[in-house]
Amino acid sequence: MRKIKDMKWTYAVQQKLKVASLLMGVMGLIILFNIVERRNIAEMNKSVTSIYNDRLLPATDIFYLTENLYSKRFLMEKFLADGRKDPGLLRSELTRHDHQIASLIKQFEKTYLVDKESAFLNEFKQKVAAYQVLERRVLSHADNRGIEQAKLLYAKEGQLQLMQTVGQLAELTKIQTAVGGEILHESRGLLATSDLLSSLQMVLAIAIGVIILSLVAASRNVSLREKFFHMN
């Protein structure tokens, strides 16, 4: 009789150890899934922050850069059309816009830029510098050769250079849109992974519940069998 009880006790312990190992494995998986999910949330937060700081805000900078360039064009064309405005006053106004453009470029450079964006921004800076040189040449012509010569120079080179400079900004905007789309795609991938992990955690939680119910049922059956055995 005692031998039979020892065998039952040994069997029960073995089964409990198996179940305990299974539960530990399930708990380990849940912890692992939780760690991965937390990391995904951190990455998604990083992506959203990047879209705002490195894409939306620079897009505003591009708008103001374009506005300043067209303001310089308007001032120059008004000066050339009128011919009576003080060149010194025009130089002061153009310098003010140049300072604003330089400040916006510095803000833009502080954001995260991919290699292609950096290359286009450098080209834009070169075109801005070239346009500023041309403006000085036009004003020099107005001072030394007359307003008509200044008009010819600006019509021949100024308008083309300005449009090329603005066009550089348009290309930069396209690149920014493409990079923003890539970041958004990555965020969607992280979100899909998080959804999958959440579903797996739910399945594992249900599995733990089933295992616990099975243990309770098995324990009750053993107790009933022992009780029936003693009654006989």
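**Helices, salt bridges and surface of a predicted model**

Me: In α2, which residues are buried?
Reply: A residue is buried under 20% relative accessible area, exposed over 50% and partly exposed in between (1.4 Å probe, protein chains only). In α2, the residues that count as buried are Pro87, Leu90, Glu93, Leu94, His97, Asp98, Ile101, Leu104, Ile105 and Phe108.

Me: How many helices and strands does the protein chain have?
Reply: This is a predicted model, in which local features need pLDDT of at least 70, side-chain atom pairs count only at pLDDT 80 or more, and totals for chains, interfaces and linings use all residues. Residues are numbered from 1 along each chain as its sequence is written, and side-chain values use heavy atoms, with hydrogens and water left out. Elements are DSSP runs numbered from the N terminus, helices being H or I of at least four residues and strands E of at least two. The elements run α-α-α-α from the N terminus on, and the secondary structure comes to 4 helices and 0 strands.

Me: What distance does α2 reach from its first C-alpha to its last?
Reply: Helix α2 covers residues 87-109 and has 23 residues. The expected span is 1.5 Å times one less than the number of residues. The expected value for α2 is 33 Å, and the helix comes close to it, reaching 33 Å.

Me: What percentage of the residues of the protein chain count as buried?
Reply: The protein chain exposes about 15,400 Å², with 62% supplied by carbon and sulfur atoms. Such areas come from the Shrake-Rupley method with a 1.4 Å probe, and for residues only the protein chains shown count as cover. Of the 232 residues, the buried share is 31%.

Me: What percentage of contacts between residues at least 6 apart in sequence join residues at least 24 apart?
Reply: A contact requires heavy atoms within 4.5 Å. Among the contacts of the protein chain that join residues at least 6 apart in sequence, the share joining residues at least 24 apart is 81%.

Me: Which residue forms a salt bridge with aspartate 98?
Reply: A salt bridge places a side-chain nitrogen of Lys or Arg within 4 Å of a carboxyl oxygen of Asp or Glu. For aspartate 98 the closest N and O atoms are 2.6 Å apart, and the partner is lysine 72. The pair links distant parts of the chain, 26 residues apart, with aspartate 98 in helix α2 and lysine 72 in helix α1 (residues 2-82).

Me: Which residues are linked with Lys72 in a network of salt bridges?
Reply: The whole structure holds 8 salt bridges. Within the network, Lys72 is linked with Asp98 and Glu135.

Me: How many residues apart are arginine 91 and aspartate 143?
Reply: Arginine 91 and aspartate 143 form a salt bridge, their closest N and O atoms being 2.7 Å apart. This pair links distant parts of the chain, arginine 91 in helix α2 and aspartate 143 in helix α3 (residues 115-144). Arginine 91 is partly exposed at 34% relative accessibility, as is aspartate 143 at 42%.

Me: Which residue forms a salt bridge with lysine 125?
Reply: Lysine 125 is partly exposed, with a relative accessible area of 32%. Its bridge has closest N and O atoms 2.7 Å apart, and the partner is glutamate 109. The pair links distant parts of the chain, 16 residues apart: lysine 125 lies in helix α3, and in helix α2 lies glutamate 109.

Me: Which residues does threonine 165 touch, not counting residues up to four places away in sequence?
Reply: Threonine 165 lies in helix α4. At 1% relative accessibility, this residue counts as buried. Leaving out residues up to four places away in sequence, threonine 165 touches Leu69, Phe124, Lys127 and Val128.

Me: Why is the pair of phenylalanine 63 and tyrosine 64 edge-to-face?
Reply: Rings of Phe, Tyr and Trp (its six-membered ring) pair if their centres lie within 6.5 Å; planes under 30 degrees apart count as stacked, over 60 as edge-to-face and the rest as tilted. The search of the whole structure finds 1 aromatic pair. The ring centres of phenylalanine 63 and tyrosine 64 are 5.3 Å apart, and the pair is edge-to-face because the planes stand at 70°.

Me: Which residues make the nonpolar surface patch of about 310 Å²?
Reply: Patch residues have over 30% relative accessible area and no salt bridge; like charges are joined within 9 Å, nonpolar side chains (Val, Leu, Ile, Met, Phe, Trp, Tyr) within 5 Å. Isoleucine 206 lies in helix α4 (residues 147-231) and counts as exposed at 53% relative accessibility. The nonpolar patch is made by Met202, Ile206 and Val210.
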